[in-house]
Amino acid sequence: MLIGLTWTSARLCASDMELSIEVKAGGQRVRTAQTEIQPSQKKPQPRPTCIVKAHQDFVVSWKATNTSKRDTFKDVTIHCVVVAENQPGQTTMPVLRDPVQESALWMDFKPGGTATGKFSLAIAEPGAYLLRVDTREMLNTHGHEHFAALDLICE
């Protein structure tokens with residue numbers, strides 16, 4: 001019985017979608033593969049931070065992978081956004097009314113299936129920005145959404 005409980009609790013904690021983000025800016029490379037879920041009772045983990053210069057191009061790459069061995073996730077939207085935030089690491093999602101960058105991809109994820117995205121960007125206004133990649137349309141069929149995020153500090 002103990003083995004069954006251990007397997008069940010490990011399965012509940014493992015993420016079935018993995019999201020990662022990488023930013024290359026100047027000579028630095030900041031990456032996160034820390035996938036969080038929503039809704040969750042857990043407090044989100046601290047996010048990595050990348051320093052960028054105003055008006056200087058930097059490159060963002062993201063990847064989404066279905067790590068399930070048997071489940072296909074249909075009609076999933078992968079949403080990527082860069083939006084101003086009040087301060088780095090804020091736990092509430094900023095208003096998405098006027099994002100610096102926003103894109104979306106809609107697809108089915110077969111077991112082991114992946115999607116990637118890559119774009120370059122320059123931010124004009126100094127300040128703190130949230131870079132977030134998340135799933136949409138999984139809550140009703142799957143019970144939760146997934147996201148990965150990092151903070152951009154524009155100097």
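I looked up Arg29 and recorded it as exposed, at 55% relative accessibility. I took buried to mean under 20% relative accessible area, exposed over 50%, and partly exposed in between, with a 1.4 Å probe and protein chains only. The model is predicted, so I note that local features need pLDDT of at least 70 and side-chain atom pairs count only at pLDDT 80 or more, while totals for chains, interfaces and linings use all residues. Residues are numbered from 1 along each chain as its sequence is written, and side-chain values use heavy atoms, with hydrogens and water left out.

Which residue forms a salt bridge with Arg29? I found Glu22, with the closest N and O atoms 2.5 Å apart. By salt bridge I mean a side-chain nitrogen of Lys or Arg within 4 Å of a carboxyl oxygen of Asp or Glu. In contrast to the exposed Arg29, Glu22 is buried, with a relative accessible area of 14%.

**Entry: other salt bridges**

I recorded 7 salt bridges in the structure. Side chains of opposite charge can pair when their charged atoms come close.

I then looked up Lys74, which forms a salt bridge with Asp108; their closest N and O atoms are 3.8 Å apart. Lys74 lies in strand 6 (residues 73-85) and Asp108 in strand 7 (residues 101-109), so this pair ties together parts that are 34 residues apart in sequence. Strands here are DSSP runs of E of at least two residues, numbered from the N terminus. Lys74 counts as exposed at 55% relative accessibility, and Asp108 as partly exposed at 36%.

I also noted a salt bridge between Asp134 and Arg136, with 3.3 Å between the closest N and O atoms. Asp134 is buried, its relative accessible area being 3%, whereas Arg136 is partly exposed at 31%. Salt bridges that share partners also join Glu22, Lys24 and Arg29 into one network.

In what order do the strands of the open sheet lie? I read the order of its 4 strands as 2-1-5-8, with antiparallel pairing. The edge strands, which pair on one side only, are strand 2 (28-32) and strand 8 (114-121). From one strand to the next, the twist averages 10°; axes are lines fitted to C-alpha atoms, and angles run from 0 to 180 degrees between N-to-C directions.

I followed strand 1 (residues 17-25), which is joined to strand 2 by 5 bridges and runs antiparallel to it. Two strands count as paired if DSSP finds at least two bridges between them. Glu22 has Arg31 of strand 2 as its bridge partner. Another 8 bridges join strand 1 to strand 5 (residues 58-66), again antiparallel, and Leu19 stands opposite Ala64 of strand 5.

Is strand 1 mostly covered or uncovered? I found it mostly covered, with 7 of its 9 residues buried. The hairpin of strand 1 and strand 2 has 2 residues between the strands, and in this hairpin Gly26 takes a positive phi near 60°.

**Entry: cysteines**

How many disulfides are there? I counted 0 disulfides, a disulfide being a pair of cysteine sulfur atoms within 2.5 Å. Cys50 is in none, and the nearest cysteine sulfur, that of Cys154, is 10 Å away. Cys50 is buried at a relative accessible area of 0%.

I looked up Cys80 as well: the closest cysteine sulfur, in Cys50, is 14 Å from its own, too far for a bond. Cys80 is also buried, at 2% relative accessibility.
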